[in-house]
Amino acid sequence: LFGHDRAFLPMEINGALQDDFEALETGFFQILGEDSHGRSIVYHEKPRADPVIHHRDSLCRVAFYVLHVASYVGNENRCLSKGFVIINNPRHMQRKDINRLYAKNMFKVLEE
């Protein structure tokens, strides 16, 4: 996901995400807050990110980063005990927005 050149850089904009700021800025994957059980709510709306401008690998790195941050919101290791909620919004999704490699990589991100 990050490759050999970024694998050990800090998980921040000036580190492992140095080429992904524009993808992060689209808000296609973002933390909305917490639900009544204290779990982070993560929102995903892929059409916000333009596939011509934002490469699928960049989008997956941003998703990994957002999930990493969501797991540490509030107290550390909250995700291990309570999990988090992901809301996927397919609104405005068109056939051209479907990318099988992106979906495959996203499942890998969610598994780890």
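User: Which residue is the bridge partner of Y43 in β3?
Analyst: In β3, Y43 is partnered by I87. Strands here are DSSP runs of E, at least two residues long, and helices are runs of H or I, at least four long, numbered from the N terminus.

User: What am I looking at, a predicted model or something else?
Analyst: This is a predicted model, where local features need pLDDT of at least 70, side-chain atom pairs count only at pLDDT 80 or more, and totals for chains, interfaces and linings use all residues. Residues are numbered from 1 along each chain as its sequence is written, and side-chain values use heavy atoms, with hydrogens and water left out.

User: Back to the strands. How many bridges join β2 to β3?
Analyst: Five, and the two strands run parallel. Two strands pair if DSSP finds at least two bridges between them.

User: And which way does β2 pair with β1?
Analyst: Antiparallel, over five bridges. β1 covers residues 29-34 and β2 covers residues 40-44. E34 stands opposite S40, and G33 stands opposite I41.

User: What sits between them in the hairpin?
Analyst: Five residues lie between the strands. G38 there takes a positive phi near 85°.

User: Is β2 covered on one face or both faces?
Analyst: Both. S40, V42 and H44 are buried on one side, and I41 and Y43 are buried on the other. Buried means under 20% relative accessible area, exposed means over 50%, and partly exposed lies in between (1.4 Å probe, protein chains only).

User: What about G33, buried or partly exposed?
Analyst: G33, in strand β1, counts as partly exposed because its relative accessibility is 26%. G33 touches R39, S40 and I41, leaving out residues up to four places away in sequence. Contact means heavy atoms within 4.5 Å.

User: New topic. What is the volume of the largest pocket?
Analyst: About 330 Å³. A pocket is an open set of points on a 1 Å grid over the protein atoms alone, where a 1.4 Å probe fits, with protein on both sides within 12 Å along at least five of seven lines; lining residues have an atom within 4 Å of a point. Grid points are joined across faces, edges and corners, and the volume is the space filled by probe spheres set on the points.

User: What kinds of residues line the largest pocket?
Analyst: The lining has 11 nonpolar, four polar and two charged residues. Ala, Val, Leu, Ile, Met, Phe, Trp, Tyr, Cys and Pro count as nonpolar, Asp, Glu, Lys and Arg as charged, and the others, Gly among them, as polar.

User: Now D20. Where is D20?
Analyst: In the loop between α1 (3-6) and α2 (21-25). D20 counts as buried because its relative accessible area is 0%.

User: Which side chain does D20 join in a polar contact?
Analyst: The side chain of R61, at 2.8 Å. A polar contact is a pair of N or O atoms within 3.5 Å; within protein, one must be able to donate a hydrogen and the other to accept it, and residues adjacent in sequence count only if both atoms are side-chain atoms.

User: And K46, buried or exposed?
Analyst: Buried, with a relative accessible area of 7%. Leaving aside neighbours within four places in sequence, K46 is in contact with F28, D97 and Y102.
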